[in-house]
Amino acid sequence: MATTFNDIQMTEFKRLVARYPEGKQKSALLPALHLAQDSFGGWLSTETMDYVASLLTIEPIEVYEVATFYSMYNLKPVGKFVFEVCQTGPCMVSGSDNIIDYIKKTLDIKLGETTKDGMFTLKLVECLGACGYAPMMQVGKIYKEHLTKEKVDGIIAEYKAQAANN
Amino acid sequence: MGVKLLLDKANVPGIRTYEVYRREGGYRSVEKALKEMTTDAIVEEVKKSGLRGRGGAGFPTGMKWSFIAKPEGVPRHLVCNADESEPGTFKDRYLMEFLPHLLIEGLIVSSFALGSNDTYIYIRGEYAWITDILEQAIDEAKANGWLGKNILGTGFDCNIHVQRGAGAYICGEETALIESLEGNRGNPRIKPPFPAIQGVWMRPTVVNNVETLAAVVPIINMGGEEYAKIGVGKSTGTKLISACGNINKPGVYEIDMTITVEEFIYSDEYCGGIKDGKKLKACIPGGSSVPILPANLLLTTAKGEPRYMNNESLSDGGFATGSMLGSGGFIVLDEDQCIVKNTYTLARFYRHESCGQCSPCREGTGWMEKILQKIETGKGEMSDIDLLWDIQRKIEGNTICPLGDAAAWPVAAAIRHFRDEFEWHVNNPELSQTSNFGLQHYADPIHVPA
């Protein structure tokens, strides 16, 4: 995959940088990494990080240290859809353990793994601020809340259909 | 039905759009503040209101504003802390998702008062769809002349920018947030210098929570003195509480801080009682870092007086028998919940979120997680409980930022109030894997729901 923003992505990148004072373009690093991750296959390769560094005229190490600090950046390839299931206290008391076990069994993968067809990755995450709607998981930009086994079945079917249509 | 100042219009259809929000009286506080008030007068109203920071620390907002340095020729910035990450807390999300213009309105007035021409909302990265909602609200406000250059012909310029974080609890700490806003790892800074003197890009900066900034709107509209009449003592105005756990009606509630904890849990207007007719065992009343309380100490203080939903009452008795209002993340645990397991998940959370700068926090949170996991899985020894106590004491107060304290307090309170449940786990390594310690003596027998 080419590591260069297309015109639309570059316009967005410039909009992000323009929000900060002149000479403070490094401030756009977090949003720029989100943009890069969304643009280049859902994860940040070294090549991608170096590209972002060159765009912001900062050292590559400045990008690596940020990319490794924040949990939302994937540093290795992930499936087309990443299930990030919350396991913190409020979700735990609402039954997140059962949901995690059910997803593992249904997708036949362990934590951190991706299904053989490259469709789904299962990750555990810490509190996502949906405690009143627990148990929950995040899939891309979307929160899936009040999870039950039936609901998980529906979500898997939904994404499989979405992938088939694309 | 208590008074509502923030969520009173939350159920109006279409309130998320500019047209409906404006028709319902939105942006009046901007007109009043920018046209009729001086910046000092606005700060004075906020001081009079008694408003205290709604993020968890409860620092008086007006006082925080009055600290901002004003060196000649150096831009100042207001930063809205929307990094809501404290387990149990989801009130800011609700406010931004359903009433985005209320936050934008509060931000314009506050930016004017502080002299911030470029104001930033730092929102947690996972709230990606709310970022879109906020950016749309900002565009609408700008199109209608509330943002941009020369607002209302007053000569005041203001733009609001939204920056997404990328998954780090620590960035809710204001100096870590500033580091992150600058494109760095979220390592908290040593204070002083305080952000009011040297904040983002070393410029004077005020960082306030979402709910705090939204509360500026009713304060300007009704006046600080009127606002201060609501509530009790130093707990003025209203507070958003996000209730979750084993209750019938989880959700976000606006309360006026004069109701009792008992009413909040059992009244149908709020939590609607414990789910499935079970009994209340314990509660973490102000976000995961505040001390957990067993039911008897939650509903009444050690002196036997009813406990109220405000700062003073919840902290009555100190950490020995009380807790804190904190962020308003109200986590309820029923009789089936295991305190050891709950504490373990929270310890794991803090280990995951420690930035790693200070050894007591970086090493201590890892140790606490491992020991709690050991006890939880039936491999614990009696000496582990004392070791846990020892470790949390060595973290508390020994770190640059409050994350160390936040990690220590839940462990300390769990051992303080539920030591026998920890001992039961150690003494019953097999039984504890298949059954629960249960309620034992923790529920107040008087407060069994009918």
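Of the 450 residues of chain B, 57% count as buried, where buried is taken as 20 or more other C-beta atoms, placed from the backbone, within 10 Å of a residue's own. This is a predicted model, in which local features need pLDDT of at least 70, side-chain atom pairs count only at pLDDT 80 or more, and totals for chains, interfaces and linings use all residues. Residues are numbered from 1 along each chain as its sequence is written, while chains are lettered from A and ligands numbered from 1 in the order in which they are written.

Chain B contains 19 helices and 12 strands, these being DSSP runs numbered from the N terminus (H or I and at least four residues for helices, E and at least two for strands). Its radius of gyration is 22 Å, close to the 22 Å that the globule rule gives for 450 residues, so chain B is as compact as a globular protein of that length; the radius is taken over C-alpha atoms, and the rule is 2.2 Å times the number of residues to the power 0.38.

An automatic or database assignment divides chain B into domain 1 (18–230), domain 2 (239–337) and domain 3 (339–434). The C-alpha centres of domain 1 and domain 2 of chain B are 28 Å apart, and their contact takes 14 residues from domain 1 and 17 residues from domain 2, a contact requiring C-beta atoms, placed from the backbone, to lie within 7 Å. On the domain 1 side, helix α5 (residues 91–98) of chain B supplies the largest share, three residues.

Note on methods: Two residues are in contact if their C-beta atoms, placed from the backbone, lie within 7 Å. A residue is buried if 20 or more other C-beta atoms lie within 10 Å of its own, exposed if 12 or fewer, and partly exposed in between; C-beta atoms are placed from the backbone.
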